[in-house]
Amino acid sequence: MNRRFLRRAVSNLMVGLMLGAVVAALLPLFFILFNLVVKGAASLSLDFFTQTPAPAGETGGGVVHALVGTLLIVGMASLIGLPIGIAGGIYCAEYPASRLTWLTRFVADVMNGTPSIVVGVFAWTWIVATQKHFSALAGSAALALLMVPMILRTTEEMIKLVPNSLREAALALGYPRWRTSLAIVVRTTLPGIVTGGLLAVARIAGETAPLLFTALGSQYLSFNPDQPMAALPLTVFTYATGPYEQWHQDAWAAALVLILLVFVLSLGARLAVRQRFDSNG
Amino acid sequence: MTSLAESAAAPPDPVPAPLSLQGSSYGDRVFHLLLTLAAAAVPVLLGFLVYELWTGSRLAIGQFGFQFLTSSVWDPVAERFGAFPLVFGTLVSSLLALLIAVPLSLGVAIYLTEFAPKAVRQPVAFLIGLLAAIPSVVYGLWGIFVLIPFLRKSIFPFLRDTLGFLPLFQGPIYGPSMLAAGIILAIMVMPYVMSVSREVLLAVPNSQREASLALGATRWEAVITTVVPYARSGIIGAVILGLGRALGETMAVTMLIGNRHEIAASLFAPGYTMAAAIANEFSEAVGDMHLSALAYVAFLLFLVTVLVNAGARLLIWRVARGAGAGSKAL
């Protein structure tokens with residue numbers, strides 16, 4: 001009787017400890033979000049979204065240069081990364097017996113685990129060192145390199161879900177292979193592919209390390225992809241580690257904007273899939 | 001599938017010629033070519049990456065060789081570089097992160113798989129997944145202005161008072177330190193270890209749990225004696241995956257670790273990691289040897305993370321083979 005009581009007490013204790021672990025795991029999330037909203041919202045203003053930075057140490061000014069920069073750099077990276085990633089994913093799913101598929105899948109997994117700073121170093125040696133100047137394009141190239149393996153794997157997984165009967169039906173009706181892939185298979189999995197793409201864009205929008213020595217960052221508004229360009233995560237980094245109080249406040253606000261961007265993209269991606277499935281029954 | 005389509009596409013000849021699907025029409029050939037180019041771009045780019053890292057570090061490899069890993073001198077002016085503090089700091093911060101994160105993650109994973117009420121499981125898993133979506137630089141920002149002041153005021157002095165007999169907890173408290181970096185890394189790594197562990201635990205067949213409960217085990221005993229050992233290699237794989245992520249983490253670490261090329265016994269002392277050194281010094285490096293030394297560090301970091309991730313993948317694949325080996329968490 002005593003032993004059974006002891007064992008049950010231990011069981012309850014462990015469950016209690018694990019519940020404590022859940023609470024401990026969720027605490028940082030709430031603290032981070034809470035601090036971001038409280039500290040960041042205080043600095044948000046129309047000026048923040050429309051002005052370029054004030055001279056260092058002075059109050060006022062904004063981060064429009066970083067907002068524009070992030071949009072441009074992430075946009076360019078997506079223009080390069082999405083087509084290659086999706087096309088590669090379609091190849092791996094549609095020709096699974098090919099040796100190239102095995103190699104590409106393996107390499108994509110390796111690249112998914114590569115630290116983003118290493119990809120930044122590669123983009124530096126490939127583009128910045130040969131061009132002898134920093135540029136937003138080099139930053140976009142680094143981000144595209146990060147995107148491609150992510151999108152490739154998610155696209156492949158989505159397309160593999162399409163039952164072969166759909167392909168066979170299309171081929172039996174006389175569709176050539178390419179039309180089967182595009183019009184039938186891809187169209188069926190389009191929400192999933194879009195989700196994968198949006199999630200990848202959300203991931204790279206928050207990346208700082210590859211941009212540190214490719215796009216370099218800037219204090220000025222620029223639309224020139226061949227020159228250094230500001231970006232939201234770079235601005236957060238520079239301002240957070242800088243000495244000025246105004247910079248610290250702006251860092252919180254910029255981080256809030258950045259995390260809103262990332263969350264909206266991620267949640268939007270998941271909602272896109274759910275909506276499609278609901279409407280299809 | 002091939003034979004079905006072939007018989008459908010073949011012309012009604014008495015002796016049907018075997019048609020291959022690829023290249024049976026102009027559109028097919030173009031499609032196949034475009035896709036092949038896109039797919040081939042991936043290994044080509046990786047090969048290019050390895051090649052560029054190798055040529056970039058050749059200068060430093062020629063100059064320092066393996067001594068690079070044992071020397072602690074980092075002198076850009078005299079052009080002598082030794083990465084031992086970097087390697088040491090990378091390993092220590094990652095191990096610290098795992099020490100904190102693995103018990104937490106396993107506890108959460110086991111709770112969510114075995115004990116939590118059904119309604120709670122998805123929302124909590126989703127919330128913890130949000131932690132993985134927060135950019136590294138935001139963690140760093142929060143670390144500098146919220147975590148470090150808190151640690152410096154409350155936790156570090158407490159640790160020094162109670163555990164100060166250990167050299168690990170002696171010495172001055174600055175705030176930015178190896179321990180602070182380890183803690184933020186633990187928070188960042190936890191969602192990955194948790195979600196992969198959860199997938200692995202879900203792959204354990206219910207018969208194991210039921211058999212154990214039928215023999216009279218308490219719910220905790222059932223988990224710890226049957227489910228966890230069954231999923232053991234998968235859990236180890238999840239831990240190694242977390243290690244792989246911790247090794248490559250850059251921004252949050254460089255904002256919290258103090259950035260000093262030194263090895264100290266105390267966890268309260270500043271340190272450095274390979275990724276943090278590259279992040280801080282690369283854009284300002286003057287001189288080819290400095291750049292080459294940093295490229296050498298990047299090359300080593302790449303090799304280590306590839307090996308660690310490959311090992312993790314192998315272990316996870318072995319357990320979760322039946323239930324979704326293409327783990328979405330990866």
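Here is a short briefing on chains A and B of this model. It is a predicted model, in which local features need pLDDT of at least 70, side-chain atom pairs count only at pLDDT 80 or more, and totals for chains, interfaces and linings use all residues. Residues are numbered from 1 along each chain as its sequence is written, and chains are lettered from A in the order in which they are written.

**Where the chains meet**
- The contact (C-beta atoms, placed from the backbone, within 7 Å) takes 78 residues from chain A and 72 residues from chain B.
- Helix 1 of chain A (residues 2–41) gives the largest share of chain A's side, 19 residues; helices here are DSSP runs of H or I with at least four residues, strands are runs of E with at least two, and both are numbered from the N terminus.
- That side of chain A divides into 55 nonpolar, 16 polar and seven charged residues, where Ala, Val, Leu, Ile, Met, Phe, Trp, Tyr, Cys and Pro count as nonpolar, Asp, Glu, Lys and Arg as charged, and the others, Gly among them, as polar.

**Inside chain A**
- Helix 9 of chain A (residues 232–240) is largely enclosed by the rest of the structure, because nine of its nine residues are buried, meaning that 20 or more other C-beta atoms, placed from the backbone, lie within 10 Å of a residue's own.
- Among these buried residues are A:Leu232, A:Phe237 and A:Tyr239.

**Chain B at a glance**
- Chain B has twelve helices and two strands, running α-α-β-β-α-α-α-α-α-α-α-α-α-α from the N terminus on.
- Of its 330 residues, 48% count as buried.

Definitions and conventions: Two residues are in contact if their C-beta atoms, placed from the backbone, lie within 7 Å. A residue is buried if 20 or more other C-beta atoms lie within 10 Å of its own, exposed if 12 or fewer, and partly exposed in between; C-beta atoms are placed from the backbone.
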